[in-house]
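Student: Hey, can we walk through this one together? I'd like to start with what touches what.
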Amino acid sequence: MAVQQDITEQKQAQEQIKASLKEKEVLLQEIHHRVKNNLGIVSSLLQMQCRREQDPQIVTILRDSQNRIASIALVHEKLYRSAELSNINITEYITHLTTYLFDTYNISFNYIKLKIQVTDVKIKIENIIPIGLIINELVSNALKYAFSEHRQGEIQISLTQKDDIVTLIICDNGRGLPHDFDIKKRKTLGITLVSGLVKQLRGILEINSQLGVEFKIIFVPDKN
């Protein structure tokens, strides 16, 4: 009888643990859903301000801020819809983010080609948000500045992992950077943000501007 009671108590404890984990999973999904919705409200407010604003420079600043918010909100949306709350399909995330940017700047994929290559990369959520923001900044810059009005071009995004090292490459075949470009002396918010995000990843940033421009970020993702 004592053995039977122990087994029953063990099963009850296991069921309680399962129920607790399920409850936490539902709560976490709800948090991601609410964060996404709240970020959507902020984005809508910025959009309303864009429509009222007459100064093109301020409109650009507001739109850039809106895109940054969208890149974060998309992570929470993917997590909310994901079967695994600790993982999202990063290929799908990058595709949706870049599609959003092309739509924002009213650029057709027939005009500027986009190639995305993602291998089997294991990245935690803590790293995905900075990666998304980096992609947002560099792809936005390419769409705005890399190509002349009537010139077609191509943007490539590559995310690969070998052993513990992840490499993110964002490049285009546009006009490239100015000859005197120095990332340490650039004071623009976009470049400052990219540099800060690379530091957050504890990574290394390499820039090559011989044929268009290539940004390469190398880092070791968090494991904890």
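This is a predicted model: local features need pLDDT of at least 70, side-chain atom pairs count only at pLDDT 80 or more; totals for chains, interfaces and linings use all residues.

Student: OK, so leaving aside neighbours within four places in sequence, which residues is Leu-138 in contact with?
Tutor: Ile-170, Val-194 and Phe-215, once those sequence neighbours are set aside. Leu-138 itself is in helix H4, residues 125-146.

Student: Is Leu-138 buried or exposed?
Tutor: Buried, because its relative accessible area is 5% and the cut-off for buried is under 20%.

Student: And how far apart are Leu-138 and Cys-171 in space?
Tutor: 8.5 Å from C-alpha to C-alpha, though they're 33 residues apart in sequence.

Student: Switching to strands. What does Ile-170 stand opposite?
Tutor: Ile-157, with Ile-170 sitting in S3. S2 (residues 153-162) pairs with S3 (residues 165-172) in the antiparallel sense, over 8 bridges.

Student: What's in the turn of that S2 and S3 hairpin?
Tutor: There are 2 residues between the strands, and Asp-163 takes a positive phi near 60°.

Student: How many bridges join S1 to S2?
Tutor: 7, and those two strands run parallel, with S1 covering residues 112-118. Ile-157 comes up again there, as the bridge partner of Ile-116.

Student: New topic: which residues make the nonpolar surface patch?
Tutor: Ile-41, Leu-45 and Met-48, giving about 300 Å². Leu-45 is in helix H1, residues 2-52.

Student: Why does Leu-45 count as exposed?
Tutor: Because its relative accessibility is 52%, and exposed means over 50%.

How values were computed:
Residues are numbered from 1 along each chain as its sequence is written. Side-chain values use heavy atoms; hydrogens and water are left out. Two strands pair if DSSP finds at least two bridges between them. Helices (H or I, at least four residues) and strands (E, at least two) are DSSP runs, numbered from the N terminus. Patches are made of residues with over 30% relative accessible area and no salt bridge: like charges are joined within 9 Å, nonpolar side chains (Val, Leu, Ile, Met, Phe, Trp, Tyr) within 5 Å. Accessible areas come from the Shrake-Rupley method with a 1.4 Å probe; for residues, only the protein chains shown count as cover. A salt bridge is a side-chain nitrogen of Lys or Arg within 4 Å of a carboxyl oxygen of Asp or Glu. Buried means under 20% relative accessible area, exposed over 50%, partly exposed in between (1.4 Å probe, protein chains only). Contact means heavy atoms within 4.5 Å.
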